[in-house]
Amino acid sequence: MEVLLDIEGFRGKYDFIFVPTDPRMKQTFEHAFINLVSPEAADEFAQHFQNFTRWPCGAKLPALVEWSVWLQGLEQLVAYYRNSPVMHRGEPAAAKPLIYCAGEQ
């Protein structure tokens, strides 16, 4: 996901990405949780990715951008996922949330 965000001009504008996956099926659930670093970046992201269809995997469905009502900001996301089953040692690293600072993981 970060490669797509970077290509689309959002490098350094996000600090958290979580793409829920089914490790048994090795596929995503077709949604992601992304935290943007500022309200301006969030507005820009929403305008850019609403109805987005240039997926590198060839998917045709347009993106739907929605705001989280119950979790806002990096601190809340980290606190929520810290004790989540997805963070268990047995889970693959690729299935876990990622934190970024200035575009670097």
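## Basis and confidence

The model is predicted, and local features are reported at pLDDT of at least 70 and side-chain atom pairs at pLDDT 80 or more, whereas totals for chains, interfaces and linings use all residues. Residues are numbered from 1 along each chain as its sequence is written, and side-chain values rest on heavy atoms, with hydrogens and water left out.

The mean pLDDT (the predictor's confidence in each residue, from 0 to 100) is 89 for the chain, and 94% of the residues reach 70 or more. Where pLDDT is low, the predicted coordinates should not be read in detail.

Helix α2 spans residues 39-49, and its buried residues are A41, A42, F45, A46 and F49; buried means under 20% relative accessible area, exposed over 50% and partly exposed in between, with a 1.4 Å probe and protein chains only.

Just after α2 comes N51, which lies in the loop between α2 and α3 (74-82). N51 takes a positive phi of about 70° although it is not a glycine, and it is exposed, with a relative accessible area of 51%.

## The largest pocket

The largest pocket has a volume of about 1500 Å³. On a 1 Å grid over the protein atoms alone, a pocket is an open set of points where a 1.4 Å probe fits, with protein on both sides within 12 Å along at least five of seven lines, and lining residues have an atom within 4 Å of a point. Grid points are joined across faces, edges and corners, and the volume is the space filled by probe spheres set on the points.

Of the 42 residues that line this pocket, M1, H31, A32, F33 and I34 are the closest to its centre. At least two lining residues are supplied by each of α1, β1 (14-18), β4 and α2. By residue class, the lining divides into 30 nonpolar, 7 polar and 5 charged residues, with Ala, Val, Leu, Ile, Met, Phe, Trp, Tyr, Cys and Pro counted as nonpolar, Asp, Glu, Lys and Arg as charged, and the others, Gly among them, as polar.

Y14 lies in strand β1 and is buried, with a relative accessible area of 1%. Not counting residues up to four places away in sequence, Y14 touches E2, L5, D6, I34, N35, L36, V37 and Y100. The C-alpha atoms of Y14 and A41 are 8.0 Å apart, although 27 residues separate the two in sequence.

Y100 is found in the segment after β5 and is likewise buried, at a relative accessible area of 6%. With the same exclusion of sequence neighbours, Y100 touches E2, Y14, D15, F16, I17 and Q105. Y100 and K13 are 87 residues apart along the chain, and their C-alpha atoms are separated by 9.4 Å.

## Exposed residues outside the helices

R89 lies in the loop between α3 and β5 and counts as exposed at 83% relative accessibility. R89 and E2 are 87 residues apart in sequence, with 23 Å between their C-alpha atoms. A93 also has its place in the loop between α3 and β5 and counts as exposed at 58% relative accessibility, and its C-alpha atom is 16 Å from that of V78, 15 residues away in sequence.

A102 lies in the segment after β5 (98-99). Its phi is near 55°, a positive value in a residue other than glycine, and at 66% relative accessibility A102 counts as exposed.

How values were computed: Helices (H or I, at least four residues) and strands (E, at least two) are DSSP runs, numbered from the N terminus. Contact means heavy atoms within 4.5 Å.
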